[in-house]
Amino acid sequence: MTNKQLAAARRAMNRFPSYRIEKSGEMLTPYRGSVAGPPVTVTDTMTESEVVQTLMASCASLDD
C-alpha cells in the first residue's frame, strides 16, 4: 500500500469518526465497536478514489 493510498484511507475514515480501522498488511478492516465491516484489500493498482469508495462501502455496511 502506497502512502497516497493510506492517506486516502485516512480521509475516508475521517467521515466516520466513531469507527476505527485495523491494518494488516495490505488489508484494512473498519470496526464500529466490536463489529467488523468487510475487509478491504488495497492493491498496487487501486487509485486513491477506489480506495476511498471501497472503504466507505465497507463502513456503510456497518450502518445497516
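Mentor: Start with charges. Lys and Arg count as positive and Asp and Glu as negative, while His and the chain ends are left out. Each charge sits at NZ of Lys, CZ of Arg, CG of Asp or CD of Glu.

Trainee: How far apart are the mean positions of the positive and negative charges here?

Mentor: They are 7 Å apart, with 7 positive and 7 negative charges in the chain. A caution on the source: this is a predicted model, where local features need pLDDT of at least 70, side-chain atom pairs count only at pLDDT 80 or more, and totals for chains, interfaces and linings use all residues. Residues are numbered from 1 along each chain as its sequence is written, and side-chain values use heavy atoms, without hydrogens and water.

Trainee: How do I read strand pairing, and which strands does S2 pair with?

Mentor: Two strands pair if DSSP finds at least two bridges between them. S2 covers residues 27-32. Five bridges join S2 to S1 (residues 20-24), and the two run antiparallel. S2 also pairs with S3 (residues 35-36) over two bridges, antiparallel. With S4 (residues 40-41) the pairing is antiparallel too, over two bridges.

Trainee: Which residues are bridge partners?

Mentor: Ile21 partners Pro30 in S2. Leu28 partners Val40 in S4. Tyr31 partners Ala36 in S3.

Trainee: What sits in the hairpin turns?

Mentor: S1 and S2 leave two residues between them, and Gly25 in that turn has a positive phi of about 65°. The S2 and S3 hairpin also has two residues between its strands; there Gly33 has a positive phi of about 65°.

Trainee: What does Thr29 touch?

Mentor: Contact means heavy atoms within 4.5 Å. Leaving aside residues up to four places away in sequence, Thr29 touches Arg20, Ile21, Glu22, Ala36, Gly37 and Pro39. By that count, Leu6 of helix H1 (residues 3-13) touches Met1 and Lys23.

Definitions and conventions. Helix = DSSP H or I, 4+ residues; strand = E, 2+ residues; numbered from the N terminus.
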